[in-house]
Protein chains: 2
Amino acid sequence: MIDFDFINPTRIIFGKGKENEVGNIIAEYGFKRVLVVYGGNSTKKSGLYDRVIARLDEKGIFHCELGGITPNPELKFVIEGRKIARENKIDMILAVGGGSVIDTSKAVAASYYYSGDPFDFNLKKVTPDRTIRVGVILTISSAGSESSDSCVITNPETKRKQGFNHWRNRPLFAIENPELTYSVSKYQTAIGTADIMMHSMERYFNFSEENQLCDDLALAVVKNAMISGKNSVQNPTNYEARGQMMLASSLAHDGLTSIGKVSQFVVHPLEHAVSGYRPDVPHGAGIAICYLGWAKYVYKQDLPKFARLSRYLFNIDVEDDEKAAIIGIEAMRDFYLSIGLPTRLSEFGITESDLPILADLATGNGTRVIGRCPQSLDKKDVEAIYRLCL
Amino acid sequence: MIDFDFINPTRIIFGKGKENEVGNIIAEYGFKRVLVVYGGNSTKKSGLYDRVIARLDEKGIFHCELGGITPNPELKFVIEGRKIARENKIDMILAVGGGSVIDTSKAVAASYYYSGDPFDFNLKKVTPDRTIRVGVILTISSAGSESSDSCVITNPETKRKQGFNHWRNRPLFAIENPELTYSVSKYQTAIGTADIMMHSMERYFNFSEENQLCDDLALAVVKNAMISGKNSVQNPTNYEARGQMMLASSLAHDGLTSIGKVSQFVVHPLEHAVSGYRPDVPHGAGIAICYLGWAKYVYKQDLPKFARLSRYLFNIDVEDDEKAAIIGIEAMRDFYLSIGLPTRLSEFGITESDLPILADLATGNGTRVIGRCPQSLDKKDVEAIYRLCL
């Protein structure tokens, strides 16, 4: 185990109709002026927006808003949000949505008291030493931003996603009502499932030496994300399934399962290059594809760990580690297919000729290596992995 | 899943020598006047006390102290601590020790601003609406109080332990250096192992309906408490084992594995009667004994859950749930024996004639039932369970 300094003070308020308590909750904390951040029209169409505003009004809480946040949120939203927030002298932000809305809110919160470019945090030029607090009403289980310390914003010039992690990014509270995710489409639910699973699998595959406790916790989250994700795809209004998926979303990315381990994501940067290059590839779909390619490329470097994952997730009763690992990769592909996910880059029209471009994007034209678990990957490795994804 | 409102803001600072940073940590929070609470002579003999005091002095932090806290701490320590704390106008408490020291510190913190009897919190007459903060330097892995919301104090009149739970009880930080537990004896380590395991097993056996995620997390904690506990007994200076055990201690009792479930302990109240009646029975030893008796009595009421535990913890490859459950109870007894724990009340000289007294103590002379998972236990049930423990 390596040293760690871990704190996750996000309060999770879970249950049916809990979003209707948002006025009371904010009033109890003593906040009086709120910036409400949300995404597309669905928040308004579903009536959620109106309900939230009514609850704030009931408590006499002033509110202004920043709507229309899109996936892979760009810096422009943060700059606009900061302007609105300052003009209205807000004292907290309420994010109503998923990862993009929450990350935008975190970026506004971090830059509220900062005079420079909000992207400086993402560029690691500065760290947030004073922020305003963010509360969340979660509407999709996927990114895990509702209790994570990360904040990913897309660089408008390079179109590259860039994240920064800080404990001050963790939301003050996250209201989680599984019913609010009933309307998430089957495809989006499958994408969310792959995303949640990978947040936990990236941590499982980190260097861990003797930290079997966190590895087992990570695998438990993966397994239950798979079960609840599949049940949610099959029956979108299954409360228990949606609830387990929501909880898995929060636990997969809150960092608990990587404490005491070297934490470095591998599949995520492989995928970021793909969806950066081809924005029609949804993040979770790209994750599923890249995991399979990566696993095929590296599994021999850490057979015991791949075998253990196979046995735990798929009950593979094979003593030989290599066989178990191989069967496990096939079983994972079958799982992705079973929930309707793509498993090949070619399904998006990506061909051999695109691979060098993708490898350049992922490695900064060969100036960076990716990850180190179980091996670090240079541009040649990365291109070979993308080839296995075709 | 049932509704929940969960927050665990305790910061865990983990690693070798981290206790030497305590002055910096406290100074960073801005505290200036500290009550240091500790237990027996071992804290002084080991040099830990002197090191802590030196770190506080270096930072110019005022300190007063409350030493000599004994296991199952009585109210008198809390009253004395509150007096010292008020006289010295302290602004935080530093608990250097394990469960008894931490619980005493929590009780002083909760009653600091309260004019009435500190035991009123334990009697649920009042809840703490304002407390001072508690920091922890952990020296034994067992009780899990370092990041839990519970505070157990022994009633001086009835000699009954009485706890209360409140989120304000959660420590501000817990410094966890596995090396500080190297000197914990093999027997105390075994007792701690049983205690950690049971904190997680009680949560596993709670009503959970569909909350398989939290059940799997709970089992992962139990399994790794067993592995690391046994390794720590066999090699007390194994850093990885001591570290995993420390982490398991904190995770087993922080409440995460029971969110979304009805949480009601069963084996703990059975044991509290035993060690209340016979204080020479260490809590963790009594826990091991009572678990075996309870499991034998109730396993048929929830075969799938007992079978699942058996299969996960002991790799029992038996399809029949009842057989798996029975083998699992025997395997648990063997595990307890393998780390040097008693498994029968008779080992402490308790005989048939003591059982009605124990059953009266556990059920308030038959006025209370215990638990409800998988069945609630009245005085007759409880006496039958103690008989199975003989």
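**Figure 1. Helices H8(A) and H9(A) of the predicted model come within 8 Å of each other, axis to axis.** The model shown here and in the legends below is predicted. The two axes cross at roughly 145 degrees, and the crossing is left-handed. On the side of H8(A), the residues in contact are A:Val221, A:Asn224, A:Ala225, A:Ser228, A:Gly229, A:Asn231 and A:Ser232. They meet A:Ala241, A:Arg242, A:Gln244, A:Met245, A:Ala248, A:Leu251 and A:Ala252 in H9(A). By class, this contact of H8(A) with H9(A) has 7 nonpolar, 6 polar and 1 charged residues.

**Figure 2. Chain A and chain B are in contact through 28 residues from each chain.** On the side of chain A, the elements that give two or more residues are strand S1 (4–14), helix H8 (212–234) and helix H9 (239–252). Of these, S1(A) gives the most, with 10 residues. The side of chain A that touches chain B has 14 nonpolar, 7 polar and 7 charged residues.

**Figure 3. Strand S1(A) is joined to strand S1 (residues 4–14) of chain B by 7 bridges.** The two strands run antiparallel. One of the residues in this pairing is A:Asp5, whose bridge partner in S1(B) is B:Ile13.

**Figure 4. An open sheet of 12 strands contains strands of both chain A and chain B.** The strand order is S3(A)-S2(A)-S4(A)-S5(A)-S8(A)-S1(A)-S1(B)-S8(B)-S5(B)-S4(B)-S2(B)-S3(B), and the pairing is mixed. At the edges stand strand S3 (62–66) of chain A and strand S3 (62–66) of chain B, each of which pairs on one side only. From one strand to the next, the twist averages 25 degrees.

**Figure 5. Strands S2 (residues 33–38) and S4 (residues 92–97) of chain A run parallel and are joined by 5 bridges.** Within this pair, A:Val34 stands opposite A:Met92 in S4(A). Helix H5 (residues 99–111) of chain A lies across S2, S4 and strand S5 (133–138) of chain A. The direction of H5(A) is at about 165 degrees to S4(A).

**Figure 6. Chain A is divided into domain 1 (11–181) and domain 2 (186–389).** The contact between these domains takes 19 residues from domain 1 of chain A and 20 residues from domain 2 of chain A. On the domain 1 side, the residues in contact comprise 6 nonpolar, 6 polar and 7 charged. The centres of the two domains, taken over C-alpha atoms, are separated by 27 Å.

How values were computed: Residues numbered from 1 in each chain as written. Chains lettered and ligands numbered in written order. Predicted model: local features only at pLDDT ≥ 70, side-chain atom pairs only at ≥ 80, totals over all residues. Domains from an automatic or database assignment. Contact = placed C-beta atoms within 7 Å. Nonpolar A, V, L, I, M, F, W, Y, C, P; charged D, E, K, R; others polar. Helix = DSSP H or I, 4+ residues; strand = E, 2+ residues; numbered from the N terminus. Pairing = 2+ DSSP bridges. Axes fitted to C-alpha atoms, helices over the stretch in contact; angles between N-to-C directions. Left-handed = near helix turned anticlockwise from the far one by under 90°.
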